[in-house]
Amino acid sequence: MTETVNGVVFAILAFASIGGAIGMLTTRNVMHAAFWLLEVMVAIGGLFLLLSAEYLAVVHVLVYAGAVSVMMLFVIMLSLRRREDAVRPVDVSIGGAVLAILFGSIVYIAIAQYGDRVAEMPAEAPDTAALGELLFTRWALPFEVASLVLLVAVVGAVWWSREVDR
Amino acid sequence: MLSGYWHFLPEVLVVAAALAALFGEYLPGKDRGTAYLGAVVAALAALLVAFGGTAAPMVFGQVEPDGIARFARTGVAGLTAVWLLWVAGRGMPGERRREAVALALFAASGGMLLSMAEDLIVMYIALELSTMPAYVLMGYRRSDVPGLEGSLKYFLLSMLTSIVMLYGLSFVYGISGTTAFSGIDLSAGGILGVIAVLLVLVGLLAKMSAAPFHYWAPDAYAGGAPVAVAFVSTVPKIAGIAVMTRLFGAIAPGVPALPLVLASAAALSMVLGNLAALPQSDIRRLMAYSGVAHTGYLLMALAAGTSMGYIATVFYAVAYAVPSMAVMLVAAEEGVELSDLAGLARTRPWVAWSMLVWLLSLIGIPPLAGFFGKLYLFGAALDAAMVWLVVLGVVTSVISAGYYFRVVREMFLAEPGAGVADAADGAVVTARSRSAATALVLCAVATIAIGLAASPLLASLGVRL
């Protein structure tokens with residue numbers, strides 16, 4: 001019973017994320033593309049939820065669907081002068097096609113080689129506390145260094161954007 | 001559990017100084033004092049590393065302060081100290097100094113951590129910390145359109161290749177089931193292992209400005225202020241090379257194609273870099289292409305894949321970085337056009353003679369640092385039976401003398417020009433300063449001393465001569 005329910009939910013979410021990604025790439029309006037991206041992010045958050053990774057699901061929706069998508073919309077809003085500028089011509093380049101085929105074949109090789117080796121799912125999903133413990137013990141060093149990277153980004157942005165005061 | 005954590009003391013000091021520099025307004029001496037403080041702390045960190053000894057892998061095996069890490073960390077911290085000393089004297093053109101000081105120190109701490117990374121996650125995050133400040137330093141002059149363009153190109157390409165590298169790292173993790181370098185085994189991956197390594201190489205080669213991913217470097221450097229280029233083009237490179245020796249040491253046994261790939265990139269970098277540098281008249285472009293060529297020499301010994309090759313690579317990374325930074329600092333003082341150096345031997349003889357030392361070292365004339373560096377590189381490649389690569393290296397080294405000697409001819413034979421043309425647009429700093437002069441003298445002394453002390457230094461890296 002739950003298997004079927006999970007399967008149906010997965011099918012819906014998978015359709016939403018892949019379909020949304022296709023929608024994002026094919027729409028000619030950058031504004032619409034940003035909203036399609038938002039939809040993809042929410043759908044992927046749902047996939048995390050399906051895997052009982054509540055924390056990841058919430059963070060994914062908060063950061064990607066919330067912050068990143070809103071930033072995209074701000075960038076579009078601030079950089080476009082006229083409404084018509086939001087519509088871009090459909091750009092089909094040979095370079096893009098080659099890259100797509102290249103990356104597609106890499107994914108195909110990976111699935112063909114390792115697709116049958118699905119990791120055993122634990123009977124009970126580890127909770128958020130376990131994730132936090134791991135983050136602050138085993139991975140404390142890269143976790144703290146990540147905060148320095150963010151600090152550098154903030155300092156750089158402030159330095160660049162402030163008025164020249166001399 | 002906390003035993004051995006004092007090995008992180010140099011990094012902690014550097015980060016603390018970086019945080020203090022952000023509050024430079026309240027420090028005694030304001031901007032100048034901030035830069036001096038940074039220089040002193042970075043020099044202290046370099047001494048602590050140099051005399052701090054080595055240790056087994058620590059922090060869950062994620063870092064290993066071994067001989068290679070010690071050498072690279074000393075180089076990173078020491079060069080940062082020299083750069084900050086110069087900045088304390090002459091300042092950043094058209095800007096206040098404190099943010100630049102903080103960013104340089106952050107980059108140094110990232111580079112020092114990167115040099116001892118033994119884990120994919122630590123490697124990636126340290127790589128970002130050591131390159132992120134570079135984007136900011138390269139494009140900080142907002143009114144300068146070519147500078148912004150170069151900086152944007154650098155940022156976008158660097159980010160794109162970072163993503164490609166992450167994609168490759170995800171396969172490396174998927175095949176070996178661990179992110180620790182010690183547990184990486186790609187032999188089970190077959191063709192997928194080769195693909196993963198190629199993707200990782202795209203990221204690393206682009207950050208090292210190696211051919212065929214070098215084309216961002218000349219444009220980015222030619223747009224940046226020369227003082228920023230001096231830092232960005234040298235210090236992160238040492239750390240990047242150090243971590244490449246560690247990563248490839250772990251990957252190489254499972255990927256038989258790796259030496260061939262690295263050797264081709266090395267050959268391409270040496271030929272393209274040296275030939276493209278020949279006609280340049282902008283010193284920043286000239287040094288950018290020369291940097292591509294020197295990355296080629298470094299990759300040659302990486303391709304050898306022996307422990308002697310790895311040690312020679314790290315040794316040469318430092319032996320290249322010192323004179324390269326010094327040449328860019330002189331360009332920051334005198335102007336970025338080759339003709340700005342005209343008659344330097346008459347107007348500032350000691351600078352001209354120091355320049356001669358650095359350029360001869362870059363060509364590889366004994367007894368300077370560059371000669372012994374290249375000797376060990378070529379020796380390691382010969383041991384690995386890559387004769388064609390060594391022949392190519394020697395031939396391109398001779399070609400490189402062509403453009404380095406153009407600089408020498410300009411300094412010693414040309415008439416002094418009508419003064420610095422770039423002073424008006426704020427690209428160079430003309431004010432004389434004792435601490436900037438000290439920084440240059442230190443670079444000249446180091447270039448000679450690394451050459452004279454080559455064998456004890458190599459012994460400290462773990463070579464039995």
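Visitor: Is B:Phe371 buried, partly exposed or exposed?

Guide: The general idea is a set of cut-offs on relative accessible area: under 20% is buried, over 50% is exposed, and in between is partly exposed, with a 1.4 Å probe and protein chains only. B:Phe371 has a relative accessible area of 23%, so this residue is partly exposed. Please keep in mind that this is a predicted model, where local features need pLDDT of at least 70, side-chain atom pairs count only at pLDDT 80 or more, and totals for chains, interfaces and linings use all residues. Residues are numbered from 1 along each chain as its sequence is written, chains are lettered from A and ligands numbered from 1 in the order in which they are written, and side-chain values use heavy atoms, with hydrogens and water left out.

Visitor: How many aromatic pairs does the structure hold?

Guide: A pair of aromatic rings is described by the distance of the centres and the angle of the planes. Here, rings of Phe, Tyr and Trp (its six-membered ring) pair if their centres lie within 6.5 Å; planes under 30 degrees apart are stacked, over 60 edge-to-face, and the rest tilted. Over all chains there are 16 aromatic pairs. Take B:Tyr297 and B:Phe378: the ring centres are 6.4 Å apart and the planes stand at 75°, so the pair is edge-to-face. B:Tyr297 belongs to helix α12 (residues 283-304) of chain B and B:Phe378 to helix α16 (residues 369-383) of chain B, so the pair ties together parts that are 81 residues apart in sequence. Helices are DSSP runs (H or I, at least four residues), numbered from the N terminus. B:Tyr297 and B:Phe378 are both buried.

Visitor: What kind of aromatic pair do B:Phe371 and B:Phe372 form?

Guide: That pair is edge-to-face, at 5.1 Å centre to centre with 75° between the planes. Ring pairs also link B:Phe71, B:Phe315, B:Phe371, B:Phe372 and B:Tyr376 into a cluster.

Visitor: What does B:Ser361 touch, not counting residues up to four places away in sequence?

Guide: A contact means heavy atoms within 4.5 Å. B:Ser361 touches B:Ala319, B:Pro323, B:Leu368, B:Ala369, B:Gly370, B:Phe371 and B:Thr447, leaving out residues up to four places away in sequence. B:Ser361 sits in helix α15 of chain B and counts as buried, at 1% relative accessibility. Sequence and space can be read side by side too: B:Ser361 and B:Trp388 are 27 residues apart in sequence and 24 Å apart in space, C-alpha to C-alpha.

Visitor: Where does a charged end sit over a ring?

Guide: The test is that NZ of Lys or CZ of Arg is within 6 Å of the ring centre and within 35 degrees of the ring normal. The charged end of A:Arg138 sits over the ring of A:Trp139, 5.2 Å from its centre.

Visitor: How much area do chain B and chain A bury between them?

Guide: The size of an interface is often given as the accessible area lost when the parts come together. The value is summed over both parts, using a 1.4 Å probe. Chain B and chain A bury about 3,200 Å² between them, with 75% of it on carbon and sulfur atoms. Chain B gives 41 residues to the contact and chain A gives 28 residues.

Visitor: What is the count of salt bridges between chain B and chain A?

Guide: A salt bridge needs a side-chain nitrogen of Lys or Arg within 4 Å of a carboxyl oxygen of Asp or Glu. Between chain B and chain A the count is zero. On the chain B side, the elements giving two or more residues are α1 (9-22), α4 (98-115), α5 (120-138), α6 (145-176) and α7 (191-207). α5(B) gives the most, with 10 residues. B:Glu99 is in helix α4 of chain B; leaving aside neighbours within four places in sequence, B:Glu99 is in contact with A:Val155 and A:Trp159. B:Glu99 is buried, with a relative accessible area of 10%.

Visitor: Which residues does a cis peptide bond join?

Guide: One such bond joins B:Ala211 and B:Pro212, with omega about 5°, and B:Pro212 lies in the loop between α7 and α8 (216-223) of chain B. The bond from B:Pro366 to B:Pro367 is cis as well, with omega near 0°.

Notes. Buried area is the accessible area (1.4 Å probe) that two parts lose on being put together, summed over both.
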